[in-house]
Amino acid sequence: DVYKRQPLGGGQNDADGLGKGLHRFGLKVRLIAQLCHDAAHPLLGLPADGRAVLAGAGNRGGGDPRCCGDILDGNCHDLFLLDIQGNQFSSKGFPRCGGNLSPRGEGFCPVTICASMGRGLYFWHTGEYTGNSRPRKIRRKKEILKMQATIHNEFLTLTVDTHGAETVSLKNAAGEEMLWQADPAIWKRHAPILFPWTGKLVDGTFAAKGKTWKGGQHGFARDLEHTLLRAEGDNIQLELRADDAIKAERFPYDFVLTSTFRLEGKTVHHTLQVTNPGTEELRFGIGFHPAFNVPFDEKHTTTDYEFRFDQPESPVILDSRPNGLLSGKSYYQWKNQQAIPLTDDLFANDSFCMAGLRTGTIGICEKDTGRNITCKVEGYPYSLIWSAPAKPVRFVCIEPWHSLPCLLYTSDA
């Protein structure tokens, strides 16, 4: 099946650079690429609006007359991705995996593409072709395409983007979207991973190895491309490794962050594992930040929902008002309550960071139907609830953390 099309912009440079870029690299993947032509092409021997195999990139000079050179031109406008192994990858990029393409036949030729270091597919736009001649290099521009992977069972369909290893869709059996869809006017994320710290840093910096480093809120893992290791059956696994650029610009320590998603019935298991491949101590913080749509349907409103613990709680609220940094103070907002009513003003002063919980779960529950989305927080020293200051409330976040933001008067990470 053809899953999605990737517009190339219609320019000769776009199509030209694609073919040239594919030729330059040597990582084979399990995809077949095709180009849709607006006009007949004498080298391809196809009529207008025909479909041509992307030849010339991976089989230069190899017997098939269409593979004698770089044959893309300005008429190539759409890239189609076909996954012959049944995995659902979108046209935002290509999975980094080995394997041969389909045997030659029906006009198909082996095509070689590259997902360099798992950071997406690199296209080098290089100039113009005239027939089979080599192009004159006019400019060089790098463009990175990302990708998504989807798994499903009879109850759930989960889609994860390689950008940040972030879940971008979670649908139930009825096709209803349960995850916030990142409206940039309200909050532009879905379910970011927080690593290698949670919360804010004083003045946006931290000190390590005798140097001051700049860092944004919640670390940088959510803003980088992760390598897709596996997407099959009921599992998706991705990895982020500290490379030279990360250690020079963001965080001076070796690490491997592995994100594993697994479906089991009506449950999504999301596991984060941090490995230290180096010899020096690795200090880090980590947390989850999923956002769930509220209300669940058009028949309900904000006050039809409440957060629920699995037992009565008197959480200690760690004060981080008004700037997201810990003040060193704490207070009680609720005592001996098993439910926290949701209102449009609940998060007027930002999130609630709760410590000392005994509950194993926190859920957002629809009062009249009992429908709920529940997160396991057992074993996490801190759990937060939050939503963006929009009225009415559009989503809620349930966030188990293993670390805290900085204190207001320190930049020591």
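Over which residues does pLDDT stay under 50? I looked this up before anything else, since the model is predicted. The stretch is residues 1-144. For that stretch the model still has 322 contacts beyond four places in sequence. Where pLDDT is low, the predicted coordinates should not be read in detail.

**Entry: whole chain**

I noted a mean pLDDT of 73 for the protein, with 63% of its residues at 70 or more. I found two helices and 27 strands. Of the 413 residues, 50% count as buried. The protein exposes about 19,400 Å², and carbon and sulfur atoms supply 47% of that area. I also looked at contacts with a separation of 6 or more: 62% of them are between residues 24 or more positions apart.

**Entry: sheet 7-8-9**

I traced an open sheet of three strands in the order 7-8-9, paired antiparallel. Strand 7 (148-152) and strand 9 are at its edges; each has a single partner strand, so one side of each has no neighbour in the sheet. From one strand to the next the twist averages 20 degrees. Strands of a sheet pair through backbone hydrogen bonds, in parallel or antiparallel fashion. Between strand 7 and strand 8 (residues 157-161), which run antiparallel, I recorded five bridges. Within this pair, I151 stands opposite L158 of strand 8.

**Entry: S169**

I placed S169 in strand 9, which spans residues 166-171. Is S169 buried or exposed? S169 has 12% relative accessibility and counts as buried, because the cut-off for buried is under 20%. Its side chain makes a polar contact of 2.6 Å with the side chain of E177. Leaving aside neighbours within four places in sequence, I listed T157, L158, T159, E177, L179 and Q181 as the contacts of S169. One of these, L158, is the residue that stands opposite I151.

**Entry: sheet 13-14-15-16**

I then went to an open sheet of four strands, with order 13-14-15-16 and antiparallel pairing. Its edge strands are strand 13 (227-232) and strand 16 (267-275), each of which pairs on one side only. Neighbouring strands here are turned by 10 degrees against each other on average, direction ignored. Strand 13 and strand 14 (residues 235-241) run antiparallel and are joined by five bridges. I noted T227 opposite E239 in strand 14.

**Entry: L272**

What does L272 touch, not counting residues up to four places away in sequence? I listed I193, L257, T258, S259, I286, G287 and F288.

P196 lies in the loop between strand 10 (193-194) and strand 11 (205-208). I placed P295 in the loop between strand 18 (291-293) and strand 19 (305-313).

**Entry: positive phi**

Where does D203 lie? I found D203 in the loop between strand 10 and strand 11, the loop that also holds P196. D203 is not a glycine, yet its phi is positive, near 60 degrees. The relative accessible area of D203 is 72%, which means exposed, the cut-off being over 50%.

N336 also has a positive phi without being a glycine, at about 55 degrees. I placed N336 in the loop between strand 21 (330-332) and strand 22 (337-341). Its relative accessibility is 64%, so N336 counts as exposed.

Definitions and conventions: Residues are numbered from 1 along each chain as its sequence is written. This is a predicted model: local features need pLDDT of at least 70, side-chain atom pairs count only at pLDDT 80 or more; totals for chains, interfaces and linings use all residues. Side-chain values use heavy atoms; hydrogens and water are left out. Buried means under 20% relative accessible area, exposed over 50%, partly exposed in between (1.4 Å probe, protein chains only). A polar contact is a pair of N or O atoms within 3.5 Å; within protein, one must be able to donate a hydrogen and the other to accept it, and residues adjacent in sequence count only if both atoms are side-chain atoms. Contact means heavy atoms within 4.5 Å. Two strands pair if DSSP finds at least two bridges between them. Axes are lines fitted to C-alpha atoms, for helices over the stretch in contact, and angles run from 0 to 180 degrees between N-to-C directions. Accessible areas come from the Shrake-Rupley method with a 1.4 Å probe; for residues, only the protein chains shown count as cover. pLDDT is the predictor's confidence in each residue, from 0 to 100.
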